[in-house]
Number of protein chains: 2
Amino acid sequence: MLNNRKIKLSEILEKKENKGDLKNKLTILFKPENIFYLTNFWGEGITIIFEDGKNNSQTKLLVPKLEYTRAINTSKECDVISSDRGIAIINELMSLIKEDNIIFSDTNDYDIINKIQSKAGSKNLIIDNNLLYEIRQIKDPNEIDNIKNASKIIDKLFQIATNEIKKNISEEQIQSILVYEAMKLGARFPAYAYTSNPLIVASGNNASFPHAETSNKKIASGELIVIDITLCYNHYVSDATRTFALGNIPQEMKEIYEVVKLSQKKGIECIKKTSNFSDIDAVCRNAIIDKKLGDYFTHSTGHGIGLEVHEPPWIRSNFNSKIKENMTVTIEPGIYIKNKFGVRIEDSLLITKKKKDIDNNLLGFDYQNFHSFSKELLVL
Amino acid sequence: MLNNRKIKLSEILEKKENKGDLKNKLTILFKPENIFYLTNFWGEGITIIFEDGKNNSQTKLLVPKLEYTRAINTSKECDVISSDRGIAIINELMSLIKEDNIIFSDTNDYDIINKIQSKAGSKNLIIDNNLLYEIRQIKDPNEIDNIKNASKIIDKLFQIATNEIKKNISEEQIQSILVYEAMKLGARFPAYAYTSNPLIVASGNNASFPHAETSNKKIASGELIVIDITLCYNHYVSDATRTFALGNIPQEMKEIYEVVKLSQKKGIECIKKTSNFSDIDAVCRNAIIDKKLGDYFTHSTGHGIGLEVHEPPWIRSNFNSKIKENMTVTIEPGIYIKNKFGVRIEDSLLITKKKKDIDNNLLGFDYQNFHSFSKELLVL
């Protein structure tokens, strides 16, 4: 399995880059998600994939000493070497470079690239940050199973939330309960540097921030509560959002909920009719613009999910991104009314086989929604 | 408070860099911890500090549209501007650059630096990744209070752990309980990309990995259990470790526990006798080497804590790093016996005022241990 990924990497690289003979090459990866993708080890280290130009490929996993035995035990299809940390590990990396073409796909680091460039001399340096994503965008059955499991846990948490949401419970209290239940079900929360909250529980005015911080605010009757859960299972992320109501809510909230629900529904259905994600963004956005609410949908429509919370493909306006089988994405329109409330509805979905019409023409794609939790407005 | 930080930044820069007149300058920061440190906003964005050379300083916080209102509400002493994401935000940033000296302190990103360099033309570019850390290393009273609160929560969790550790409970079960209790006490878990577990619960052989992954392994009698908790309170991190025993453990484990305990004690006491962190590493390491166990202490002795889990100063051998008042650091020696067991004991501490002898000579520093939880071997 890991070997197939390396072969794909080599093929994509040869096809994309037009810089002479790339057979004799070496790809260097630093990010834990890429290291995991190619070696099955999740931790601190550097992965190097060597190809000698005679179809011989070799993978080395370079880790700090304290990770050596764990790397030996969990990695697959690679040789593990250890080194001291810091500059020592970069020097060890440089001592391994013999190939003519050096490829970076997950670092833009000026110092590292300069150091390796000066050591590599006249060698060909290629920096292409889309390379790994091109492969990772297309999920294999095992990856899809993990995302499916993560999604099932999220649906269970929405059910738990419906029991927990009540007057005077704080957003943080609900968050604690959901995190506890998630962890008992085997989920973990992926690292996301822009917040310290593992999930979003945002009520009332707090829900008017798309990236709300879960707070000690108590939930009151007559409010909408946005619950946005991102969690992972075996390192694979799913991401979904539901918006609940507590008690009697004003008509305006109900109406806006229905606009978002329709927007999201249209976006999902659009998968069957197009081969470009920007069309899905347009459909979701137009459903909201039609109601003169376009200014209140302040973010993009969706993103890929996988080893990261946000990864390609992107579902954005004016951003060409081809739909392909076995991609996994979110569709998540929202409307945010400043100082008042917010609504977001999000599912994670799998893109499945293209459909054909009776004349055998391709007709967009099909999909599988990873989530079955209701999208009707639940008034608790 | 934020303004003091900006003044310090300017002063340190003028002192460190010897590249002509730096009065007219602009510092660009991308990392959420630095943005928070200088604007009080934690989220996605870019912070720019302008100085016109006439002692007029101005701070701008550039955020994606979806973060605008939250940034307005939570930021202090800065102007908030919003932009679309991606290349648009970099273009917006570039349009703001008028100053002669452009300083980067938390990015090495090749593309961003190249882009800004090409726009900036003949302007002076300074990349100094230690600049912000030099200021952040020294904590103010409010920061110390937050770390103290985080530490108190960790001590409470150790107490809870002593009640929960029993035969046949899994590492993951203990982890779930501790995470739940931590969150109820207001703690959060900082992003750390190299693991998906929020804390380490490692028993038996699993404890022989310094960076163990908490697993579904069940705890057995006769084992040591390492519990390493890193959590934050108001974004400030504390980090501590205790090693517990369940039932009758072999004499070897008891002896090694005492070696680590003595090593850690000597390391802490060494604060009073030195002004360089490498001496603390040496004292901890020698206490272990004395027992012919040096090869089993496979990591450095400690690190700074603050807005990040690991930040300067570093407590490492052969790494000169001056001790200063109001630094906050961990001291955490460990011994790891492959395929058998592991022991680590870690405290987070505050460096306090230098002591003087009767002749008024400086005699190293004093300290305050943030943790009061017992370091005796607790046999549960």
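A:Asn234 is partly exposed, with 17 other C-beta atoms within 10 Å; a residue counts as buried with 20 or more such atoms within 10 Å of its own C-beta, as exposed with 12 or fewer, and as partly exposed in between, C-beta atoms being placed from the backbone. A:Asn234 is found in the loop between β8 (223–233) and β9 (236–246) of chain A. Helices (H or I, at least four residues) and strands (E, at least two) are DSSP runs, numbered from the N terminus. A:Asn318, in the loop between β11 and β12 (328–331) of chain A, counts as exposed, with 8 C-beta neighbours inside 10 Å. Both asparagines have positive phi values, as tabulated.

This is a predicted model, in which local features need pLDDT of at least 70 and side-chain atom pairs count only at pLDDT 80 or more, whereas totals for chains, interfaces and linings use all residues. Residues are numbered from 1 along each chain as its sequence is written, and chains are lettered from A and ligands numbered from 1 in the order in which they are written.

| Residue or bond | Backbone angle |
|---|---|
| A:Asn234 | phi near 50° |
| A:Asn318 | phi near 55° |
| A:Pro312 and A:Pro313, cis | omega about 5° |
| B:Pro312 and B:Pro313, cis | omega about 5° |

A:Pro313 lies in strand β11 (residues 311–315) of chain A, and B:Pro313 in strand β11 (residues 311–315) of chain B.

In chain B, three strands form an open sheet in the order β7-β8-β9, with antiparallel pairing; two strands pair if DSSP finds at least two bridges between them. The edge strands are β7 (200–203) and β9 (236–246) of chain B. The twist averages 10° from one strand to the next. Four bridges join β7(B) to β8(B) (residues 223–233), and B:Ser203 has B:Ile225 as its bridge partner in β8(B).

In chain A, the axes of helix α7 (residues 141–164) and helix α8 (residues 171–184) come within 10 Å and cross at roughly 145°. Axes are lines fitted to C-alpha atoms, for helices over the stretch in contact, and angles run from 0 to 180 degrees between N-to-C directions.
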